[in-house]
Each structure stands twice: as C-alpha cells, then as structure tokens.
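Here is a short tour for anyone who likes to read a fold with the coordinates open alongside. Have a look at the model first, and then we can walk through it together.

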Amino acid sequence: MLSVDQALAIILDRTPVLAGSNNVGLLMSLGRILAEDIRADIAIPPFDNSAVDGYAVRAEETAGAGPDSPVSLPTAPEIPAGSDLPGPLLPGTAARIMTGAPVPPGADAIVMVEDITRDLPGFVQIRAEARSSDYIRYAGEDVKPEDLVLASGVRIRAAEIGMLATMGRTHVLTVRRPRVGILSTGDEVVDVDEGVPPPPGKIRNSNQWALAAMVREAGAVVEARIHVRDDLFATEKALSAWAFADNPVDVIVSAGGVSVGDHDYVKPALEKLGTMELWKVAMKPGKPLAFGTIGSTLFFGLPGNPVSAMVTFELFVRPALLKLAGFLSEDVARSRVRAELTETIRHVRGRREFVRARTITTGGRYVTSATGAQGSGLLHSMTRANSFMIVPEEAGDLHAGDSVEVMLLT
C-alpha cells in the first residue's frame, strides 16, 4: 500500500499542464495562470507627479526654512490632478499642487501642505526645508516602456489585475480551466429531491454536489454530472462517453465503487477501459483510492463515504486540478502550520490519519481540536472543520499539549 506522499507524487507526475489558453475578460482572469508575457506599453508613472498635496518649489529656495524661520514665496497658478502638463515654475515662486498632478518644469521638490501657512494673500510661508526630489514620483520609476511586468506562468491576483489594467488590458490569455466530469454511484443513492424523507433504504446524493462544489472551488469547470447504479455496463458507458468523446473531459472524478465488494464496479471499469496507476493509500479516512487514465483523461476513483470522498479530493484531486491549470507543483498544496493539541487523539499506528479539526490562533500560537466523532460517514463533522490534523503513520496516541501538523482548509 502506498503512502500519501508516494501517491501524490505519482499523481502529480502523471498530471500535465493543459495545452491551449483562453482569452478572458480582466476580472474573469482572477485566480488563473497567465499564459502570455505582458510588457509595458507606457512608463509608470507616465510623467513626474506629486506624491502629496503641497507646493511645488525649487528646493534651494527653501534653504533654512523651519517652524520659527519660514521662507515666504509668492504663489504661482494652482496645478490640480488631471490637468495638462503645466508651464515652467518661475524662479522664486511656489505652486499649489495636488496628489498625482504633474510637477512643473523647474520644480525639483514638493513641500507638504502640513508644512505651509498662508498668512498673506498671494504668498505662502514655508516652514520646512525641502530637499531635491522630496515627494516627487518620477516618470518610469516603477515601470519603463517595454519592461516585462508580468511573466507567463504567474498566478493572477488583485495586484496583477491592477497591473494589467495599468497596461490598458481588458482581456488576457490564461491557461484554460480543467473540465471535469463527476460520476456518483450506488443503488442506494437517490437525487436530493426524491422524496421527503427518501424512500426506505435510500440516501440522498450528497457526494455529487459536494464534489461539484470542490471542483469549482479549485477553479475548474464542472462539465457534466451523472449518477449510475451498481452496474458494470452502465459504469463503462458513462466513463467511455466522457473519456472518448470528440472533446473529452480532462478529469473524471467518481465517488464509490472502488473497493472490493461484489457490487463495486468502478475499479473493474477503469482497468478495462484504461490504465490504473495506483490503488489503496495508507491513510484514514480514504484508503480505497484509485487513480489512472482513460485515453487522455485523468481518472480519480474516490471512496463512497462522504467524508472519505472529500478528504481524498482535497489531498489528491485538488492538487492535480491546480497543476492542470498551470500552477507549479510547489504551489498546489494547502498551507500547513504547527498547532498545540487541546485534547487526546487516539491513533492506531500504520496509516496517516487526517482528523477533521477546528484550528484557531490564540496568544500568538495555533491551537487545534477535533470536530467530534471521526466516522467517515459523518458529514456534519466536515461542516465544523477548517483544517485537518495530520497524525503520522508511526505515531501512537497524541495528548493535550502535543504539537501536531495541521493543514489549513481556508
């Protein structure tokens, strides 16, 4: 049986970055991976401008100015933000200037308005000595024309959106999002709206909806969803329709049918239609995990228990979806921290356990506690969790005060 780390390494090794790109609107690119180099079309700032509200001056003409020894200068015409480039500042004058307004030729410093008094009409009293370049933002000091401002492969965040807007881009090329088909299985599973309560012996289909939500949270597209009964032919038909279509999905995620029961048909279908790269991982919950390929489509067979399906998706499917979308392998993992345990956690050695947990900061440190009973069918425990405690394979019981690694989910 493979370790969690071995299984993830195999999956990421088999996962390519998707070919092709999409030209999307600027806001639609948020969170996606840039698929082109962006070079500056203009200098930023495009002209010398004031960083503060104040007065444009020649610095040498303020020599000796202080609170008790002001320098008096006559005022030149005011320069508001958004105005055309002004004419030269005449020697011996000071021009009122607003933040972002162009600095007039001849001025080499700005005196902040807080250091100015206006006691006489047409004059200002400067009460702080200026130094050359004070509070001036010079043309091109951030970006020069033709500078590479964003390289292909970077993740587009709010800062990148701002830079793209500064470069006049309303659309941008991004790595396309993975297209995912979701397959839920089981004779006992019915649609969420089928009966109140569901028919005897039946359960509502939570897996299909939870997995669809997780696909979308990972930035991928839910291309199709389908439920099949415990039937080998129906399972093969569903997988073939997605994997061997003219435009096949990039990933198939199934829930259930990957164990060794008499009515578990997902694993046999995968072995018949494609190639199985791994099966069974030394983890809890979620040991019966299948991964392989059907044609060019990646296939993940997750356990049927709701918590097991969500935990294995988080650990294996989400990183693969991010890598497909262009994220670097080192950027596909959730953040991890060390936290102080508040209670005893019982653990049998042999499998790495992912305990649903609530982790908070208090007194400058992380503390963590389980969300309650940890059965793999107890979905309510997931709604209270914002993290997984990671109990190593070789560990025995953990106790209050112990330090434990925690994977943050938010």
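This is a predicted model: local features need pLDDT of at least 70, side-chain atom pairs count only at pLDDT 80 or more; totals for chains, interfaces and linings use all residues.

Helix α1 itself spans residues 4-14, and its buried residues are Val-4, Ala-7, Ile-11 and Leu-12. Because these four cover an arc of only 125° around the axis, they sit on the same side of α1.

## A strand covered on both faces

How many of its residues are buried? For β13 the count is seven of seven, so to speak a mostly covered strand.

In a regular strand, side chains alternate between the two faces of the sheet. In β13, one side holds Arg-179, Gly-181, Leu-183 and Thr-185, the other holds Val-180, Ile-182 and Ser-184, and all of them are buried.

## An open sheet of six strands

Another part of the model is an open, six-stranded sheet with mixed pairing, in the order β7-β4-β6-β5-β9-β8. Its edge strands are β7 (109-112) and β8 (116-117), each of which pairs on one side only. Strands of a sheet pair through backbone hydrogen bonds, in either a parallel or an antiparallel sense. For β4 (residues 54-57) and β7 the sense is antiparallel, over four bridges, with Val-57 opposite Ala-109.

Is Asp-119 buried or exposed? Asp-119 is exposed, because its relative accessible area is 54%, and the cut-off for exposed is over 50%. Leaving aside residues up to four places away in sequence, Asp-119 touches Gln-125 and Arg-127. Asp-119 and Ser-72 are 47 residues apart in sequence, and their C-alpha atoms are 9.7 Å apart in space.

## Two pockets

Rolling a probe the size of a water molecule over the atoms shows where empty space is left. The largest pocket has a volume of about 770 Å³. Its lining counts 35 residues, and those nearest the centre are Glu-217, Ala-218, Gly-219, Arg-318 and Leu-322. Both α3 (206-217) and α6 supply at least two residues of this lining, and the largest share, five residues, comes from α3. By class, the lining of the largest pocket has 20 nonpolar, six polar and nine charged residues.

The second largest pocket has a volume of about 390 Å³. It is lined by 24 residues, and closest to its centre are Glu-188, Asn-207, Gly-256, Gly-304 and Asn-305. Sorted by class, the lining of the second largest pocket has seven nonpolar, 13 polar and four charged residues.

Key: Residues are numbered from 1 along each chain as its sequence is written. Side-chain values use heavy atoms; hydrogens and water are left out. Buried means under 20% relative accessible area, exposed over 50%, partly exposed in between (1.4 Å probe, protein chains only). The arc is that of the directions from the helix axis to the C-beta atoms. On a 1 Å grid over the protein atoms alone, a cavity is a set of points where a 1.4 Å probe fits but cannot get out, and a pocket is an open set with protein on both sides within 12 Å along at least five of seven lines; lining residues have an atom within 4 Å of a point. Grid points are joined across faces, edges and corners, and a volume is the space filled by probe spheres set on the points. Ala, Val, Leu, Ile, Met, Phe, Trp, Tyr, Cys and Pro count as nonpolar, Asp, Glu, Lys and Arg as charged, and the others, Gly among them, as polar. Two strands pair if DSSP finds at least two bridges between them. Contact means heavy atoms within 4.5 Å.
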